[in-house]
Amino acid sequence: MLQPSPWRADFPAIDALQRQHQTYLDNAATTQKPQALLDALTHYYAHGAANVHRAQHLPGALATQAFEASREKAAAWLNAADAQQIIFTHGATSALNLLAYGLEYLFEAGDEIAISALEHHANLLPWQQLARRRGARLVVLPLDRQGRIDLEQALQLIGPRTRLLAVSQLSNVLGTWQPLAPLLAHARAQGTLTIVDGAQGVVHGRHDVQQLGCDFYVFSSHKLYGPDGVGVIHGQPQALERLRHWQFGGEMVQIADYHSASFRPAPLGFEAGTPPIAAVIGLGATLDYLGSLDANAVAAHEARLHQQLLRGLGEREGVRLLGSPQSALASFVIGGVHNADIAHLLTEQGIAVRAGHHCAMPLLQGFGLDGAIRVSLALYNDSDDLQRFFDALDQGLELLR
């Protein structure tokens, strides 16, 4: 049996949920928050909230200083070359839409946009709609049997007409790491812009954007134990120069009159209006907390827990895993049992998992399914959580069968 998570006590909500007889295993949707984040939010609101980048008074100066410190911390977390390569948005979905509109002018009829068959709607629909607006063609890269992008086919499909490649780092449904290195290298050789959706991947391990080599890397705060309402874009300098402004107002303006205006470059030029100030500051506190942990110990704990999850599912009759999960989560269906029925019985027993299409309808349809159960893990989960899940699953199956 695994030892209890040594980081569990750092997350007050876990203790509160346990008192309510709830076991939280829906971390791929959003995570619980560390005390360090709660303290940062309380400090900001209790000691004088102020807008950023636009006031000389002390509260404004302190807020701006803390906001920009979070930009430095996000850059350090990704090993970005410069904090000015970090843009804050209102979420990963907001970030991907910003990129779709900001790059739209580059596309002409007949151009191709490549995505994979496993994309979250947030990394499908912006490109689908961009293709429709510009008369471009959306190319869907197929998967292999393990639930990874089929490299052989993908390298044939990404060609001279491919203007953009947008793929996930870690599948939110299949739990599979995607073969980014050869994909991105091939795309670069074609002159293709590349975007990596790191919403799931950023949570598990540290990733070096300089080594990764994509033009844009996107993630959301709330999956990385941070506040909701914040997304992060890392852009390479040459890629940021190609990005056009698409939202207007606030401190993104340099000079404006009634008939014309000029705008700041990245990052402020793409942070129109009042940004999510408290949440950005809170993300910085979360990154400080995560940076204080032993990354190897966290990775080993999560890996052992994931193996326990896969082993337990494999021991139960009729359970079919989707793909070959490598990290953090597992999605599954059970023969003769509807996913909504078992999800309902799990919920009644205080087990919080996700059921449905997981914002990836085309992927589930490709499996011939209308939904699946997903169990997703975080650093504060432990073997007792999984034992409660398996006990509830067994009781539910006994009732349904």
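User: Are phenylalanine 67 and phenylalanine 88 buried or exposed?
Analyst: A quick note on the basis: this is a predicted model, where local features need pLDDT of at least 70, side-chain atom pairs count only at pLDDT 80 or more, and totals for chains, interfaces and linings use all residues. Residues are numbered from 1 along each chain as its sequence is written, and side-chain values use heavy atoms, with hydrogens and water left out. Buried means under 20% relative accessible area, exposed over 50% and partly exposed in between, with a 1.4 Å probe and protein chains only. On that scale, phenylalanine 67 and phenylalanine 88 are both buried.

User: How many aromatic pairs turn up in the whole structure?
Analyst: Rings of Phe, Tyr and Trp (its six-membered ring) pair if their centres lie within 6.5 Å; planes under 30 degrees apart count as stacked, over 60 as edge-to-face and the rest as tilted. Searching the whole structure that way, the number of aromatic pairs is ten.

User: What kind of pair do phenylalanine 67 and phenylalanine 88 form?
Analyst: Their centres are 5.4 Å apart, with 75° between the planes. That makes the pair edge-to-face.

User: Why does that pair tie together separate parts of the sequence?
Analyst: Helices (H or I, at least four residues) and strands (E, at least two) are DSSP runs, numbered from the N terminus. Phenylalanine 67 lies in helix H3 (residues 58-78) and phenylalanine 88 in strand S2 (residues 86-89), so the parts they join are apart in sequence by 21 residues.

User: Which arginine lies over the face of tryptophan 77?
Analyst: A charge sits over a ring if NZ of Lys or CZ of Arg is within 6 Å of the ring centre and within 35 degrees of the ring normal. For tryptophan 77, the distance from the ring centre is 3.7 Å, and the residue is arginine 206.

User: What is the volume of the largest cavity?
Analyst: On a 1 Å grid over the protein atoms alone, a cavity is a set of points where a 1.4 Å probe fits but cannot get out, and lining residues have an atom within 4 Å of a point. Grid points are joined across faces, edges and corners, and a volume is the space filled by probe spheres set on the points. The structure has three cavities of 30 Å³ or more, and the largest has a volume of about 80 Å³.

User: Which element gives the most to the lining of the second largest cavity?
Analyst: That cavity holds about 60 Å³ of space. Helix H1 (12-19), strand S1 (23-24) and helix H14 (383-400) each give two or more residues to its lining. With three residues, the element giving the most is H1.

Conventions: On a 1 Å grid over the protein atoms alone, a cavity is a set of points where a 1.4 Å probe fits but cannot get out, and a pocket is an open set with protein on both sides within 12 Å along at least five of seven lines; lining residues have an atom within 4 Å of a point.
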